[in-house]
Amino acid sequence: MTDREQNTGIAVDAAEVKHARKRYRAERRFRMYGVAAIAAAAGMLALLVISIVATGWTAFCQHSIALDVTFEAKVIDPKGGRDPSVLARADYRKLARASLRELFPDVKKRGDKRKLYGLLSLGVDQQLAELVASDPSLIGQTRRVEIYASDDVDSFLKGYIDRDAPESDRRVKDKEIAWLDKLEASGAITSHLNLRFWTKGDSREPELAGFWGAMVGSFFTLLVTLALSFPVGVLAATYLEEFAPKNRWTDIIEVNINNLAAVPSIVFGLLGLAVFLNFFGLPRSAPLVGGMVLALMTLPTIIIASRSALKAVPPSIREAAFGVGASELQVVTHHVVPLALPGILTGAIIGMARALGETAPLLMIGMVAFIVDIPGSVTDPATVMPVQIYLWADSPERAFVARTSAGVMALLGFLMLMNALAVILRKRFERRW
Amino acid sequence: MLDSEMNSATIADPKVVCRDVSVSYSGKQALFDIDLDIGSHQVTSLIGPSGCGKSTFLRCMNRMNDVIDGCVVTGSISVDGVEILDDEIDAVQLRRRVGMVFQKPNPFPKSIYDNIAYGPRIHGLVRGKDELDEVVQTSLERAGLWEEVKDRLLQPGTGLSGGQQQRLCIARAIAVRPDVILMDEPCSALDPIATARVEELIDELKRSYSIVIVTHSMQQAARVSQRTAFFHLGIVVEVGETEQIFTNPRDERTQGYITGRYG
């Protein structure tokens, strides 16, 4: 500026050039800040994804030990009745242990034997029972079965336990390593896709723990949430936006809806505990109550998103419809709501995605319990994906670390799926005017 | 204010009779005691500078102001002798009889066919698909659009050109068989060629309908209308035969406006 004041005539041009340069520099700087901000955010995201995938991917495979198991009739079904309930309760562990002893006949001491049996997962009972249940003709035969390795063995085989560490610091001792080496040399140790993770419920044993129970729980919970919050939210938004008079009362309601959207989610959990569980006596740990609590939490989001979508419908469309004699309800249901639908759906799905990742309010209503069974309805005890992740993250076993990350990956996968759905729906229903 | 005798506000065979019509938006008065008759089967144009209340007046005649919060209309408007400002009168039924075409072409984001069919459908004017097809075809024919769109009736109406869209909106308005058509600057968003086509159409339509048109174009008012009312600051300054208004205005404000001195 001083240049400009001192110089007149032709010198003003030089000052203007300088000024213009300054503006260009400012613009370049501004763009750089933007790029830097995006790069920082993308970097953080990449770091998160990489760290989770790096810890979690091993949970998707599982080591097994192949044993020649003889399905002895006198152990499984001494009476020979082939009664399914007898078959299910037989001592299959004994069979697996017998075949292990055959492989390592020189293991004699009691303590050593226990260690040897410890190579196998406690799930061997269930695994063999399922085999026999699906094919009772196995009884009396010898069959090579891949039995799940215990979580420590699995961790060792995946390289999480260092065999050069002092024995006292190791969960897997020298003797066990020797046995495993022998098994590995004979080709008995196999690694395969961990199907249990996608098909079973939770377990205290990491190698048996699955995510499916939590996924079903999340599904039921979100179903309840959607069924409650979508119609109520859209109706509330439509009424407030299209029919309600603009007065002090509607202003108060609007302010309070905005306030509700900002209430910490755990408060809704407390509300659910006090009202739904203690007052109405609804079942604890049930997706029904979880869904109701999450619906309360999601409602303000859906109402706000729907209202702004309705607001964005151009008034010319309303006028056109009124102009040919449509009633207020016809204007809204035939024209305004269909045009606002992409925005409403996007808002609803974003609200749902938030509900899917919500943990705190569900802790309050008991969905944090250890539940093995897959829920079959909205009133069965269940847990949800984020709570399952929280539970596993809290467990001391080494193998749960990978499972926690695997759970996070599954959860993120579902979130991405839902967001993709939002984009697709938006594109599909979008109409130009 | 001139004597009312000088304004030929009343005519022999009126379709719409407006008396003492005043409108205020949230307490702010926009129209003051308007007296105006709309003739049958002729075009009445409302001219005047922006903000003079001519659109507001137009929207009184099919009660489109009802949907605006805080808008109060007083006075009396009767269509074929029926008082329409009466609360007893269903605005929805009224708007079927008094159709409207807006400034900006605003077809529904639906197919051309559905744009026309929407009105007859919601009013239950037709029975069966054949009858509806016929209504769609006649409406498009009368709007001079049939030949251009008959092969693409199922394509979106928003895909037409601006002029075609406006004619589609006119076709949509006549599909419900109204008596009166209100047009709020129907050509302001159109190019001269499209404007000429819409003006031709208006000239045709006046045989079957009573038309009221708000326009900012003096030439357009002179070309299409038989009667003209000049609005200024919420009152009707002068109303009369279009020819008289444009060749021999009685009020100097009218004179000033049509010669382009203000407005």
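Reader: Which residue of E3(A) stands opposite A:Ser64?

Author: That's A:Thr190. A quick note first: this is a predicted model, so local features need pLDDT of at least 70 and side-chain atom pairs count only at pLDDT 80 or more, while totals for chains, interfaces and linings use all residues. Residues are numbered from 1 along each chain as its sequence is written, with chains lettered from A and ligands numbered from 1 in the order in which they are written.

Reader: How do you know that strand E1 of chain A pairs with E3(A)?

Author: Pairing takes at least two bridges found by DSSP. Strand E1 (residues 61–70) of chain A has five bridges to E3(A), and the two run antiparallel, so they count as a pair. Strands, by the way, are DSSP runs of E with at least two residues, helices are runs of H or I with at least four, and both are numbered from the N terminus.

Reader: Why are E2 and E3 of chain A called edge strands?

Author: The open sheet has three strands in the order E2-E1-E3 (chain A) with antiparallel pairing. Strand E2 (142–148) and strand E3 (189–193) of chain A each have a single partner strand, so one side of each lacks a neighbour in the sheet. From one strand to the next, the twist averages 40°.

Reader: Why are H15(A) and H16(A) called roughly antiparallel?

Author: Their axes come within 10 Å and cross at roughly 155°. Such axes are lines fitted to C-alpha atoms, for helices over the stretch in contact, with angles from 0 to 180 degrees between N-to-C directions. Angles under 35 degrees are roughly parallel, over 145 roughly antiparallel, 65 to 115 roughly perpendicular, and the rest oblique. H15(A) and H16(A) are therefore roughly antiparallel.

Reader: And what makes H13(A) oblique to H14(A)?

Author: The axes of helix H13 (residues 265–279) and helix H14 (residues 287–311) of chain A cross at roughly 130° and come within 9 Å. That angle is what makes H13(A) oblique to H14(A).

Reader: What residue classes make up the contact of H13(A) with H14(A)?

Author: The contact is made by residues including A:Phe268 and A:Leu271 of H13(A) and A:Val289 and A:Met292 of H14(A). It has nine nonpolar, three polar and no charged residues. Here Ala, Val, Leu, Ile, Met, Phe, Trp, Tyr, Cys and Pro are nonpolar, Asp, Glu, Lys and Arg charged, and the others, Gly among them, polar.

Reader: Which elements of chain A touch chain B with two or more residues?

Author: The contact takes 17 residues from chain A and 21 residues from chain B. Helix H15 (315–323) and helix H16 (328–356) of chain A are the elements that give two or more residues to chain A's side. H15(A) provides the largest share, six residues. A contact needs C-beta atoms, placed from the backbone, within 7 Å.

Reader: What makes strand E10 of chain B largely enclosed?

Author: A residue is buried if 20 or more other C-beta atoms lie within 10 Å of its own, exposed if 12 or fewer, and partly exposed in between; C-beta atoms are placed from the backbone. Five of the seven residues of strand E10 (residues 235–241) of chain B are buried, so the rest of the structure largely encloses this strand.

Reader: How many bridges does strand E9 of chain B share with E10(B)?

Author: Strand E9 (residues 227–232) of chain B and E10(B) pair over six bridges in the antiparallel sense. B:Phe230 stands opposite B:Glu238 in E10(B). E9(B) and E10(B) form a hairpin with two residues between them, and B:Leu233 in the turn has a positive phi of about 50°.

Terms used: Two residues are in contact if their C-beta atoms, placed from the backbone, lie within 7 Å.
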